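Hello,

Here is the structure I promised to pass on. Please open it first, then read my notes below.

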Amino acid sequence: MSRAALPGFRDFYPQEFAERAYVMDAWREVTRRYGFVEYDGPPLEPLELYTAKSGEEIVGQLYVFEDKGGRKVALRPEMTPTFARMVGAKLNALRKPVRWFSTPQLFRYERQQKGRLREHFQLNVDIVGEADVAADAELLACAIDVMREVGLTSKDVRARVSDRRLIGALLSHFEIADKDQPLVYAVLDKLDREPRDVLEKRLTDAGIAFHTVGSLFEAVASRDLDELRSRLGGMRALDGHFETLGRYFELLEALGVRDWVQLDLSVVRGLAYYTGIVFELFDNEGEFRAICGGGRYDDLLATLGGTAAPALGFGMGDVVLGELLRSRKLMPALEPAVDFWVACDDDALLPDVMSVAAKLRGSGRSVEYSLKGQQLSRQMKAAASAGAGQVVILLRDQWSGGSGTVTVKTLADGTERVVRSDVLLNFPMQDNG
Ligand code: HAM
C-alpha cells in the first residue's frame, strides 16, 4: 500500500497547517475590513454547472464521476458557478450590492507543475449588483490589501489589468472574425511565455493578415493608457472603454493602490465567463504563476438560470501565495506555545497536577503536563520545548495535599516565585512573547 498522499494532494503537518492558517487569517482579516460576509456551498456539484460556462480548460480538469443515484457529479474546481447559482436564485431577497467571500478547497486534475496542485484553497471575493467601475476598483484594492497584510509591497507584486470589451472592440476594428477570436485570446495569453515569431505564425496560419498581427501585438505591448489611447487615436469605438479604464485608474489612486497596478492587455484570463475588466496579480520577478485572478462576469448569473445582474470577483489560491511568502522569508514559522506547564517531583502527584491543569484551563489558560510520571528535569525540558511561558511546579514537601504552596517558574528569564496554591488560579498571566 502506498504511504504517500495522491499526487497533487497535500498532507498538512502542523507547520504546514500553521502556514495555511496564517494565509487564511490574512484573507479573513482583509475581507472583514471591506465588509464582505462569508458563505459556502457544496463541494460536490452537478457536472453541468461547469459545462455551462466555465470553459474547456477547466472542464477538462474536472474530477467527475457518477453517484449512486446515476447523477453526473464533479468536485468543485472553482467557486464562481456555485456562487452565481446561489446568488442568482435569491437575488431579490439579498442586500445589494452582495459582498460575499468564501475560502473553499477546490479540485482540478492539473498537469503537475510549480504552483499548481490538484487541490488548493482559494479565497473568493465577489460583488453582485453593481455595474459601476467603482466596484471593479474596490475589488482589486481588496486583493492588493491581502498582499500588504502578509508583508508584500508593490516592489514584490504587480496587478496586471485588462478589459475584455476593449480587446473585443480592438479585434473587431482589426476585422478579426469572431471564430478566430478564441485563438487570438489564447495567443495573447502566451505572449510572455512563447517566442513572438511562433505566436505570429499561429495567427497568420489561421488566415489573419501579417500587418494586422503586427498592429495587434504593438497595441497589447502598451503599458500606459494614455500612450495606447494616442496610438489608437481615431478609433471611436474604443473611446468609451478608454474612459472607463481611465476612471478605474483614478479610483484605484483614491484607494491608495494605483502604484501596484499596470495596464496589460495580454491578460486574458482562462475562464470563459468574463465580460469586462479582468486582472491578475503576479510577483514582480516573474518567478511564479498568477497569485490571483478575477474580473467582471456580467452575464453568468442569467446563464445559470438566475436573475440577471452585474457581477465581479476574484480567486486567490493558497499555493502560489505560500511559495512567494516562503521565498521572501515572510512565512512565519510555527512556534509552539502554551501559557503553563504543570510539573511535579513525585509520580503520586499526577492527579493533583491534572486538577491544577483543569483549574487553569477553566480560567482560559492553555496548559500541558506530562501524561506519565517523569523526572522533574525531563518535565522542565518538555515544558521548554512546548514553548511554555511558566511552569507550575508541585513539590511534595511544599504542596501538602493542596493546602501549601507551589513554585512558579518563568522560563524566559528563569525567575521563580513561591505562590500559595489556593491563589494559583488568580495568578496573573505573563506575556509569553
Ligand atoms: P483562476 O484563475 O482559475 O480563477 O484561479 C484563481 C487563482 O487560484 C489562481 O491565480 C491561482 O492562484 C489559484 N489556482 C488555480 N488553480 C490552481 C491549482 N491547480 N493549484 C494551485 N492554485 C491554483 C478562478 O478560479 C475564478 N473562479 C476566480 C473568480 C472568482 N472569478 C470571479 N470570482
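This is a predicted model: local features need pLDDT of at least 70, side-chain atom pairs count only at pLDDT 80 or more; totals for chains, interfaces and linings use all residues.

Domains first. The protein chain is divided into domain 1 (14-327) and domain 2 (340-426). Taken over C-alpha atoms, the centres of domain 1 and domain 2 are 54 Å apart.

Next, the aromatic rings. A search of the whole structure gives eleven aromatic pairs. One of them is Tyr39 with Phe83: the ring centres are 5.5 Å apart and the planes are at 50 degrees, so this pair counts as tilted. Tyr39 lies in the loop between strand E1 (37-38) and strand E2 (44-46), and Phe83 in helix H4 (residues 80-90), so the pair ties together parts that are 44 residues apart in sequence. Both Tyr39 and Phe83 are buried.

There is also an aromatic cluster, formed by Phe9, Tyr63, Phe107 and Tyr109. Tyr109 has a charge over its ring as well: the charged end of Arg118 sits 3.8 Å from the ring centre. Lys114 does likewise with Phe288, its charged end sitting over that ring at 4.5 Å from the centre.

Last, Asp156. Where does Asp156 lie? Look in the loop between helix H5 (133-149) and strand E8 (157-163). Is Asp156 buried or exposed? Its relative accessible area is 17%, under the 20% cut-off, so Asp156 is buried. Leaving out residues up to four places away in sequence, Asp156 touches Gly151, Phe282, Asp283, Asn284 and Arg328.

Best wishes

Key
Residues are numbered from 1 along each chain as its sequence is written. Side-chain values use heavy atoms; hydrogens and water are left out. Helices (H or I, at least four residues) and strands (E, at least two) are DSSP runs, numbered from the N terminus. Buried means under 20% relative accessible area, exposed over 50%, partly exposed in between (1.4 Å probe, protein chains only). Contact means heavy atoms within 4.5 Å. Domain bounds come from an automatic or database domain assignment. Rings of Phe, Tyr and Trp (its six-membered ring) pair if their centres lie within 6.5 Å; planes under 30 degrees apart count as stacked, over 60 as edge-to-face and the rest as tilted. A charge sits over a ring if NZ of Lys or CZ of Arg is within 6 Å of the ring centre and within 35 degrees of the ring normal.
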